[in-house]
Amino acid sequence: MSAETLARPAARRRGGDLAVWLGPLGIAAAVIIALITLAALFAPLIATHDPDIGSVVQRYQGPSAEHLLGTDQSGRDLFSRLLYGARTSLFGAAVVVLLAGGGGAVLALVAAWFGRNVDAFLGRVLDLLFAFPNLLLAILAVAVFGTGLAQVTIALAISYVPYTARVLRSVALRERRLAYVQAAELQGLSGLVVSLRHILPNIVPQILTGAAINFGYAMIDLAALSFLGLGVQPPTADWGLMVSQGKDSLLQGYPQQSMLAGTCIVVAVAAFSVIGERLGGRKAGGRA
Amino acid sequence: MSTTAENVIEISGLCKQFTTGRGRKRRTVRALDDVSLTVADGSCLAVVGESGSGKSTLARVLVGLERADAGEVVLAGRPVAQRPRRAERRARARDVQMVFQDPSGSLNRRRTVEAAIGEVLAAHHRVTGSDARRRIDDLLDQVGLRPAHARALPGELSGGQQQRVAIARALAAEPRVLVLDEAVAALDVSVQAQVLNLLAEIRRARRLTYLFITHDLSVVRQVSDEVVVMRRGQVVERGSTDQVLDHPRHPYTVLLRDSAPRPGWRPRLSINSDISSDTAEAEA
Ligand SMILES: Nc1ncnc2c1ncn2[C@@H]1O[C@H](COP(=O)(O)OP(=O)(O)OP(=O)(O)O)[C@@H](O)[C@H]1O
Ligand SMILES: [Mg+2]
């Protein structure tokens with residue numbers, strides 16, 4: 001019972017464990033995510049040209065010292081557009097994941113705290129939302145509120161809530177039954193305090209796992225909506241929109257734009273799902 | 001037995017059923033079947049009985065974690081509300097606290113000992129800062145822990161230490177009654193003895209009332225003045241500890257006593273088959 005027995009070997013080991021736990025594929029995925037995030041953050045510093053301004057005389061150029069990845073149908077620098085495109089793609093997906101995770105966590109905590117009828121009612125509402133495919137809900141929102149990144153982002157976030165809420169509800173319920181929550185209840189703490197101070201921190205790992213997994217899906221869905229012309233509007237640079245705008249050039253024998261933007265989407269989505277899987281795998285293996 | 005005025009716990013006609021499953025698998029269990037009992041202020045009542053006899057359900061209804069189907073609980077002179085409001089729950093916390101069986105589950109794994117106890121002090125006594133630190137050290141000292149343990153997370157403590165923290169947290173609210181549901185069952189025998197002694201000391205020092213739930217008869221004599229024996233949700237026997245343990249009147253108590261392992265104990269098949277035939281008959 002001395003102070004020495006209170007040492008925290010777990011904390012010291014954490015750094016080394018991380019690499020082992022991620023594995024080569026996981027490390028590659030983490031590096032890719034880090035690079036994309038840096039590219040998005042520092043796009044104005046890295047970009048060689050203004051992403052939205054081109055000159056028609058310079059259209060469809062191949063890679064050169066001036067234009068590292070060539071130019072598009074309007075003579076805009078593709079490298080710069082990809083960098084700026086990372087911004088909208090990541091930002092949109094981040095907002096979706098944030099809102100969906102937050103909404104799901106709130107519903108899960110409410111269901112777990114009140115239980116019984118409230119839990120059953122929320123379950124019904126979620127089942128109803130489950131019935132709508134994500135993209136359909138987003139398209140419906142566009143029909144009502146008009147096109148734009150904000151509209152589709154919020155609509156997608158709502159359509160993701162049932163997924164996050166379902167998983168988080170079961171973890172929150174498990175915590176709710178543990179003695180520490182009942183001890184807090186017996187101390188006379190309010191439901192809000194018990195939920196936020198005690199239960200929430202203990203379901204954060206699952207919130208993060210869900211966020212990592214959903215991030216990839218959100219990127220694909222947003223890219224698809226932009227591709228359909230419902231999300232990000234031209235001339236803003238966005239990967240999904242770039243794939244769509246490259247369509248015509250594709251037919252004329254200039255596939256770079258669609259291919260580069262498509263590759264960015266695939267690589268980013270793959271990286272996020274690998275990380276999500278690692279997080280999920282650890283939880284699944286850690287306890288059951 | 002004492003007069004009403006001195007009873008800090010009065011339970012009368014408590015019933016509680018649980019229904020599980022649906023359709024043909026639907027089953028109803030009578031966890032509490034017309035339970036009445038009183039506990040005198042400052043005494044320790046042990047509740048014994050085999051697994052599933054309703055001991056935990058009794059404790060949970062008593063502290064207000066579970067609602068009874070019928071019956072009444074009067075704690076410290078006031079009836080326990082079935083749907084307590086927030087203010088009621090806060091006030092109740094100063095009457096009764098509970099220590100749970102599972103030491104690791106009864107502490108939030110992400111909060112330090114200090115945070116766990118400090119939260120109670122802040123909520124009930126508006127004590128914060130250096131005053132709280134002093135109170136926390138005091139409480140830790142009372143349960144046999146050192147100030148260094150205040151910074152520890154539950155995962156860094158042994159089961160016995162965790163249970164001591166849970167006891168300290170319960171004491172922080174300064175309740176009159178402490179309900180201990182198998183509070184030492186998860187600890188090994190030597191640690192069990194330490195914690196039991198500690199609990200006895202605390203009770204004497206603070207004039208607390210204990211409701212001590214256990215399925216382990218060997219523990220009972222160490223802690224309690226009186227014993228009630230529960231079986232299938234009913235109280236089958238009540239009396240002073242010595243009387244019940246040395247001269248049990250109900251055959252079930254005899255069975256419980258004789259099937260408790262003790263030094264030199266040898267399993268007797270006849271008793272084991274007695275119990276199983278008994279249980280089978282109950283379920284038929
Ligand atoms: N939440 C619940 N839902 C359904 N049945 C329950 C519930 N809680 C208790 N029971 C049932 O009620 C009966 C009494 O359970 P209780 O936990 O009170 O017994 P116990 O005496 O504490 O047993 P143990 O010594 O194993 O802790 C058991 O048959 C149990 O299965
Ligand atoms: Mg029990």
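This is a predicted model: local features need pLDDT of at least 70, side-chain atom pairs count only at pLDDT 80 or more; totals for chains, interfaces and linings use all residues.
**Entry 1: the shell around ligand 1**

The largest share of the shell comes from α1(B), which gives three residues. I then listed the surroundings as a whole: 13 residues surround ligand 1, and the closest are B:S51, B:G52, B:K55, B:S56 and B:T57. Sorted by class, the shell holds three nonpolar, seven polar and three charged residues.

**Entry 2: polar contacts of ligand 1**

For B:S51, a polar side-chain atom lies 2.4 Å from an oxygen atom of ligand 1. For B:S53, I noted a polar backbone atom instead, with an oxygen atom of ligand 1 at 3.2 Å. I also recorded the cover: ligand 1 has 630 Å² of accessible area on its own, and the protein covers 64% of it.

**Entry 3: cysteines**

I searched all chains for disulfides, taking a pair of cysteine sulfur atoms within 2.5 Å as the criterion, and the count came to zero. I then checked the accessibility of two cysteines, one in each of chains A and B. B:C44 has a relative accessible area of 1% and is therefore buried, whereas A:C264, at 22% relative accessibility, counts as partly exposed, because the cut-off for buried is under 20%.

**Entry 4: backbone geometry**

Where does A:P235 lie in chain A? I placed A:P235 in the loop between α8 (191-227) and α9 (239-251), and I noted that the peptide bond from A:P234 to A:P235 is cis, with omega near 5 degrees.

I also looked up two residues with positive phi. A:R116 has a phi of about 40 degrees although it is not a glycine, and A:R116 is found in helix α4 of chain A, which covers residues 116-130. Is A:R116 buried or exposed? Its relative accessibility is 65%, so A:R116 counts as exposed. B:D34, likewise a residue other than glycine, has a positive phi near 55 degrees, and I located B:D34 in strand β2 of chain B.

How values were computed
Residues are numbered from 1 along each chain as its sequence is written. Chains are lettered from A and ligands numbered from 1 in the order in which they are written. Side-chain values use heavy atoms; hydrogens and water are left out. A residue is near a molecule or strand if one of its heavy atoms lies within 4 Å of it. A polar contact is a pair of N or O atoms within 3.5 Å; within protein, one must be able to donate a hydrogen and the other to accept it, and residues adjacent in sequence count only if both atoms are side-chain atoms. Accessible areas come from the Shrake-Rupley method with a 1.4 Å probe; for residues, only the protein chains shown count as cover. Helices (H or I, at least four residues) and strands (E, at least two) are DSSP runs, numbered from the N terminus. Ala, Val, Leu, Ile, Met, Phe, Trp, Tyr, Cys and Pro count as nonpolar, Asp, Glu, Lys and Arg as charged, and the others, Gly among them, as polar. Buried means under 20% relative accessible area, exposed over 50%, partly exposed in between (1.4 Å probe, protein chains only).
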